[in-house]
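Hi,

Here is the structure I said I would pass on. Have a look at it, and then read on for what turned up.

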Amino acid sequence: MRIIVDGTPVDTDPRPGQCLRTLLRETGHLAPKKGCDAGDCGACSVLVDGTAVHSCVYPAHRAEGHTITTATGLATDAPTFLHTRFLENAAFQCGFCTAGMLITATELADSGTLDPATLPETLKGNLCRCTGYRSIADALTAAHSAEPASCGTACHSGLCDRANRPDVAGSDRAGAAGTSIGALAGPRIVTGTEPFTMDVPPAGAEDDTASLPPDGVLHLEVLRSPHAHARIVGIDTAEAEAIPGVRAVLTYADSPNLAFSTARHQIREDDPDDTLVLDPVMRFIGQRVAAVVGETLAAARAGCRALKVEYEVLPAVFEPDEALAVGAPTLHVDKPESARIADAQRNLVAEVHGRTGDVTAGLSAASEVVQGVWQTQRVQHVHLETHGSIGWLDEAGRLVLRTSTQVPFLVRDELCRLFDLERDRVRVFAARVGGGFGGKQEMFTEDLVALAVLRTGQPVQYELTRTDEFFTTVRHPMRVEVTAGADADGRLTALAVDVLSDAGAYGNHSAGVLFHGMNESVALYRCANKRIDGRAVYTNNVPSGAFRGYGLGQVIFGIESALDELARRISLDPFEFRRRNVVRPGDPLIGGFCHDEPDLDIASYGLDQCLDLAEQALRRGNGVPAPGPEWLIGEGMAPAMIATIPPRGHSSTAHLELLADGGYELRVGTAEFGNGTTTVHAQLVATVLGTDPSRVHIRHADTDGTGHDTGAFGSTGITVAGRATHAAAEQLCTRILRRAVALTGLPAPLHIFEPGGIRCQDRLLTAADLTADGPLRTTATHDGTPRSVAFNVHAFRVAVHPVTGEIRILQSIQTADAGTVLNPVQCRGQVEGGVAQAIGSALYEEVRTTNGEPTTKTLRRYHIPQFSDVPYTEVYFADTSDPLGPLGAKSMSESPYNPVAPALANAVRDAIGVRPHHLPMTADRIWRLLTTQHPAEIHPGPPV
């Protein structure tokens, strides 16, 4: 059949049952992405004769004779006004959803229905996990009005992020650090041409063959366990191997007999070695049983269906407290002591205990004591780009992996260990990564692809489906018990926290999440008497892993809820209660281990400003009324503190060179997945060397072409990789200046850097002049220590319907101590995105399970925030500068998430008079609280 795609005729023959998305991608049109393949997310959207459709559910054969337009085709001649508005307003972060979002917006604009008032309805079919939608709304509002947004940051109500940002040296120059510029990859993102992991063009379409697999890529599919706990007795592979197109069947007999952890840290011993590539013992529903490699995905899937597996079903345990009990089924008693499991006989992955002072005495001295238990749920990351890897052997026989990861160097090192390969025999690199949120600080596809490539000698790709993701990893569910006491003046006399964390079937990240979650959450408060107890426990549930906030979001929910209740008992304003009890400069940070960490300090302090700014904004209000007189109104707040760099090692090396054309090449290993570090790194170089960010060419996330980087997690893209980049730029500046002085013979102060080279009086020294006597390049490394802290405060005003339990957010405020704000529009976007994701965790999102099996397997059943769910959040930055960050900057990617759920719960408590103890705070849970506490005042049930 023939279709017209982006103005070009395409003759093709779709397979029976093929959808339009895969047909387009197979013919080289890569703008439509796979986010769900169920019509839920909109990442695959295209125009069919001008009408936006989800191409993943549009039958390919129906496209015959029609005109198809992808995001790439929208800008065939020149960028449209929508492209321009998206770029001006930084209306994307990772960019994976952007092409689809622009398609829907184009249909609205072309049909005359692009109305800002109806965006919550008209954009309900397009999901974004990164931005919080505000920047998208700003872009489309600007497009509707045809007026540019104020100062490039889409200010509203006089709230301009640039109005209170600290000054940065050189920030008056366009593009320098301290100014709002869009992502360097922006023009490619809005046209759908920025390559993500699986965006492999047809053979011959690109010159960079080193980053593309050879022809004939095979496909891998996995058979997953139907049992929560079972031993494989036998696998009959004969029928699968006989299926045409099946090239290999991999079972535990093919797996390296070497245990590892899917979690990746600089010190690999931080995580237990409890995982095999393929294991004869199944410990959760959805675990890999076997893998089939086929010439097509259909052949691989057919091979999986043909496998015959005999299991010995074993007893299972799904609750962490039951897993600790004597006689409970054990999951990892077969592991040796070298696996670093705290107590496999008790299913104990890790534990932490700390004491300072005398909590019992502190509680006795208190005038009020609050004790309670709070429970958080499983949350899925839902990065719109699912996990995926493509592997092959290059011409030298080296193993190459193109993969969606936050940690390419750590993946390489573990693959070398697993398959007994030298580092120079393995290359791992990432294209642009479509979101991560901690979920890609793991190794979920790379090990299996490496095994398949080494077994077959052929290129192999493996891409998880959206349903696969729900059986892969989740945020740790935690039970958080808090006991807190305060005297009559509102001073804390005792704080005790006991956490029980559900690790799931494997211990990836469980120790680190437990330790981190119980550290800064407790260290935030000055209190002479603290007691900390935490346990992470194996169960036969889906494994828990790294997630934005790394345990702090869960523990802070319990602590800040308890302290809010304590403030109420003492009749003290919640802001004032925090002011009297939070740490101040010079205080030791006494957290989970109940002793201070020698390399962690309050190097700069903006918490006082954050508290003031949040309180002032809440008192000022925003003029948004409750939906009706019957709604109950409440206000709430919560603070949070986070270390700007993870503990126990995080390093990055940056290489910087002056190019002959006057540009600069920066090679730094950190990955770009919407965190904006690539743009900020260019700004740092441009600020030091007096050039434009567009003249800084960056190569990143490649073990072959860049220096080591521990990874893009813990918000270290600025505080570690940014420090290395800034140091390299300063060193290169010195070297260039020395070379220039040698050429002119004039004093250094007469030499001025500018984009074309160095100007000295009337003479311009070009890059060619400066490099004539040899290259000018530098290398700098930052080792991630010492470390500082960052602060965030969130405040809400909410309305709760007394009959249905529905929560409406009337006002949302976050204040952030980000140090020097290197790129205000990007930093504001990180805050808004973190807030939106946290609202989802607080109100909607939950991976529900039955006997260990996730029952929320699609985005249609798992409610991540849509456009209509996310309120406008006022964002204010404290005026601070941190001496440990590049140009005074702090980290600000994870931290905005952490105070949101408790602030929202405290506002709900204020509205209804009943304390929520469980997340998410769905309408039915709030209705039950209302009817249980006030049965005579509330309608007996929600209306039918």
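Predicted model: local features only at pLDDT ≥ 70, side-chain atom pairs only at ≥ 80, totals over all residues.

Which backbone oxygen lies 3.4 Å from a polar atom of the side chain of Thr719? That of Ser715.

Residues are numbered from 1 along each chain as its sequence is written, and side-chain values use heavy atoms, leaving out hydrogens and water.

Back to Thr719. You'll find it in helix 21, residues 716-719 (helices are DSSP runs of H or I, at least four residues, numbered from the N terminus). Thr719 counts as buried because its relative accessibility is 3% (buried means under 20% relative accessible area, with a 1.4 Å probe and protein chains only). Setting aside neighbours within four places in sequence, Thr719 touches Thr644, Ile645, His782, Pro886, Lys890 and Ser891 (contact means heavy atoms within 4.5 Å).

Next, some helix packing. The axes of helix 18 (residues 574-581) and helix 19 (residues 607-620) come within 11 Å and cross at roughly 175 degrees, so the two are roughly antiparallel (over 145 degrees). Axes here are lines fitted to C-alpha atoms over the stretch in contact, with angles from 0 to 180 degrees between N-to-C directions. Phe575, Arg578 and Arg579 are the helix 18 side of that contact.

Helix 17 (residues 552-570) also meets helix 18: their axes come within 9 Å and cross at roughly 105 degrees. That makes this pair roughly perpendicular (65 to 115 degrees).

Finally, the cysteines. There are 0 disulfides (pairs of cysteine sulfur atoms within 2.5 Å). For Cys36, the nearest cysteine sulfur is that of Cys41, 3.8 Å away. Cys36 is buried, with a relative accessible area of 11%. Cys610 is buried too, at 0%, and its nearest cysteine sulfur, in Cys827, is 11 Å away.

Cheers

Definitions and conventions
Buried < 20%, exposed > 50% of the residue type's maximum accessible area, 1.4 Å probe, protein only. Polar contact = N/O pair within 3.5 Å; in protein donor to acceptor, adjacent residues only side chain to side chain. Parallel < 35°, antiparallel > 145°, perpendicular 65-115°, else oblique.
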